[in-house]
Amino acid sequence: MSTRREFISLLGGAAAAWPFAGRAQQGGKLPRVGVLVLTSADAQSLGKELREGLRELGYVEGQNFALEFRSADGNTDRLPDLAADLVRLQVDLIVVYYTPCAVAAKRATTAIPIVMAAVADPISAGLVRSLARPGGNITGLSNMAAETAGKNVELFRDMLPSLRRVAALAHPDDAFTGSFLEQVHLAGRTGGIEIAPVALVRDPDQIEAAFQDMTGKQAEAVVVQGIWYSKAIAEWAIKYRLPSASMVPAYPRAGGLMSYGANIPHMFRRSAVLVHKILQGTKPADLPVEQATKFDLAINLKTAKAIGLTVSESFLVRADEVIE
């Protein structure tokens, strides 16, 4: 019975997408979905899940929809021009990943629908009025990164019971930074942990000095905002033998010690449903912003060994992913 229900559900999704295929075959406009991301790695991961999610709904790339990717290659200064380029192309919809991309897209257009595949705190960033009633041309999903940043502080306390001071590393120009630091400080107060120092890093050349400051001020661990220069930050954390964590799942794969955050592939796949609804005529203002429901803990044991840290078995069993 479940197989039959799944088949009927998929068939229904395919039927909903068929009008686009028919229109394209008759010479009509092929719906184009713009995708604005920070890095090529983001484009690859988001593209994979978005394509698969749309395929399950009956879409076939090149037949009844097209994707237009724009990556800033890690340089946020490029985002406004890239967003403007998608607007000039008159894409039917723009999918964004991370707050800086969402902000750039919002500034570029108030007419083209925007779907946030994963954005940290869309209300504080000024992207939507509320989760239930987003208003305007933006909807999507929140990965609740501010809350999970605080959870990383709690996890450090569990991992390192003698912990008393945790540093925070963030980017000064990200609209999410305020929410990130607020939740980290809140978790510190709740758990009796001092959050100090707070290091703000604008470019990779400032990372080593930030770690010198953190270790010089006796920080015993650091919570990292995560979307900026993850590999470089992870490498400096290892050199300074400082346990580091982020709410971004890719961080431990880049060499960081730990991450706790939303399951991003699951969110990317879910964003395809919102893309489908908007392409079928639903207004973004009528689609509530959804919050992440699945969260994962990942630990990199290679990094733990490199910094001379032994992670207890009782902590390891809590992990959804262990990198060895």
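## Start with the confidence colours

Colour the chain by pLDDT, the predictor's confidence in each residue, from 0 to 100. The chain averages 91, and 91% of the residues score at least 70. Now select residues 1-27: here the pLDDT is below 50, and the stretch has 28 contacts in the model beyond near neighbours in sequence (a contact means heavy atoms within 4.5 Å). Where pLDDT is low, the predicted coordinates should not be read in detail.

Some ground rules: this is a predicted model, local features need pLDDT of at least 70, side-chain atom pairs count only at pLDDT 80 or more, and totals for chains, interfaces and linings use all residues. Residues are numbered from 1 along each chain as its sequence is written, and side-chain values use heavy atoms, with hydrogens and water left out.

## Into the cores

Next, select Leu-36 and Val-95. They have the most contacts inside the largest nonpolar core, which has 57 residues. (Such a core is a set of buried Ala, Val, Leu, Ile, Met, Phe, Trp, Tyr and Cys residues joined through side-chain atoms within 4.5 Å; buried means under 20% relative accessible area, exposed over 50%, partly exposed in between, using a 1.4 Å probe and protein chains only.) Elements giving two or more residues to this core include strand E1 (32-37), strand E3 (93-97) and helix H10 (264-279). Helices (H or I, at least four residues) and strands (E, at least two) are DSSP runs, numbered from the N terminus. H10 brings the largest share, eight residues.

Stay on Val-95 and show what surrounds it: among its contacts, leaving aside neighbours within four places in sequence, are Val-33, Leu-46, Ala-117 and Val-275.

Then jump to Leu-160, Leu-181, Ile-195 and Val-223, which belong to a second, separate core of 36 residues.

## A buried histidine

Select His-171, in the loop between strand E6 (165-170) and helix H6 (177-191). Is His-171 buried or exposed? At 3% relative accessibility, His-171 counts as buried. Its side chain reaches the backbone nitrogen of Asp-173 at 3.1 Å. Residues touching His-171, not counting those up to four places away in sequence, include Thr-177, Arg-202 and Trp-228.

## Last stop: an exposed loop

Finally, click Thr-293, in the loop between strand E11 (290-291) and strand E12 (295-300). With a relative accessible area of 66%, Thr-293 is exposed.

Key:
Polar contact = N/O pair within 3.5 Å; in protein donor to acceptor, adjacent residues only side chain to side chain.
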